[in-house]
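Please take a look at the structure below. The paragraphs after it walk through its parts one by one.

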Amino acid sequence: MRIEYDRDTCIGMFQCVAEWEGFERDEDAGKAVLVDGEEREDDTVVREIPPEAELDAKFAARVCPVDAIAVYDDGEQVIP
Ligand code: SF4
């Protein structure tokens with residue numbers, strides 16, 4: 001599974017941080033940080049989700065109030 005985080009869309013509510021340690025707070029920027037993510041030109045950040053973290057990562061994506069986090073399984077978007 002792959003997670004994709006849209007930094008532009010993020011409004012820094014940090015619910016995702018409470019659900020999965022793959023997200024951390026950047027208080028100064030008011031944005032979440034996807035740890036070990038690979039930054040793309042369009043300001044999205046992507047990484048693979050370790051199998052043992054899939055449940056937590058999916059919760060992180062579900063709780064985001066602005067749908068800044070998407071989860072893909074085999075290339076197919078499963079959340080949101
Ligand atoms: S829950 Fe969404 S809006 Fe809030 S910090 Fe995480 S990505 Fe940003």
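## A walk through the fold

Start at Phe 14. This residue is partly exposed, because 19 other C-beta atoms lie within 10 Å, where 20 or more would count as buried. Note that the model is a predicted one. Phe 14 sits in the loop between strand E1 (2-6) and helix H1 (15-19). Its backbone stands out too: phi is positive, about 65°, although Phe 14 is not a glycine. Most residues other than glycine have a negative phi.

Is Asp 8 buried or exposed? Asp 8 counts as exposed, because it has 9 C-beta neighbours inside 10 Å. Along the chain, Asp 8 and Lys 31 are 23 residues apart.

Follow E1 to its partners. With E5, strand E1 pairs in the antiparallel sense over 5 bridges. Within this pair, Ile 3 has Arg 47 in E5 as its bridge partner. With E6, strand E1 pairs over 4 bridges, again antiparallel. Here Arg 2 stands opposite Tyr 72 in E6.

Go on from E6 to E7. These two strands pair over 3 bridges in the antiparallel sense. Val 71 has Ile 79 in E7 as its bridge partner. Asp 73 stands opposite Glu 76 in E7. The two strands form a hairpin, with 2 residues between them. Asp 74 in the turn has a positive phi of about 55°.

Ile 79 comes up again in a peptide bond. What kind of peptide bond joins Ile 79 and Pro 80? The bond is cis, with omega about 0°. Most peptide bonds are trans. Pro 80 is placed in the segment after strand E7 (76-79).

Asp 43 lies between strand E4 (38-39) and strand E5 (44-48). Phi of Asp 43 is positive, near 75°, in a residue other than glycine. Asp 43 is exposed, because it has 12 other C-beta atoms within 10 Å, and 12 or fewer is the cut-off.

A further pair of strands is E2 and E3. Strand E3 covers residues 31-34 and runs antiparallel to E2, with 4 bridges joining them. Arg 25 stands opposite Ala 32 in E3. E2 and E3 form a hairpin with 4 residues between them. Gly 30 in the turn has a positive phi of about 70°.

Next comes helix H2. Which residues of H2 are buried? They are Ala 57, Lys 58, Ala 60 and Ala 61. Seen down the axis of H2, the buried residues fall within an arc of 155°, so they line one face of the helix. An α-helix has 3.6 residues a turn, so residues three or four places apart point the same way. What covers the buried residues of H2? The cover includes E1, H1, strand E2 (23-26), E6 and E7.

Finish at the ligand. How many residues surround the ligand? There are 13, and the closest are Cys 10, Met 13, Cys 16, Ala 32 and Cys 64. By class, the shell has 11 nonpolar and 2 polar residues. No charged residues belong to it.

Key: Residues numbered from 1 in each chain as written. Predicted model: local features only at pLDDT ≥ 70, side-chain atom pairs only at ≥ 80, totals over all residues. Pairing = 2+ DSSP bridges. Near = placed C-beta within 6 Å. Nonpolar A, V, L, I, M, F, W, Y, C, P; charged D, E, K, R; others polar. Arc of directions from axis to C-beta. Contact = placed C-beta atoms within 7 Å.
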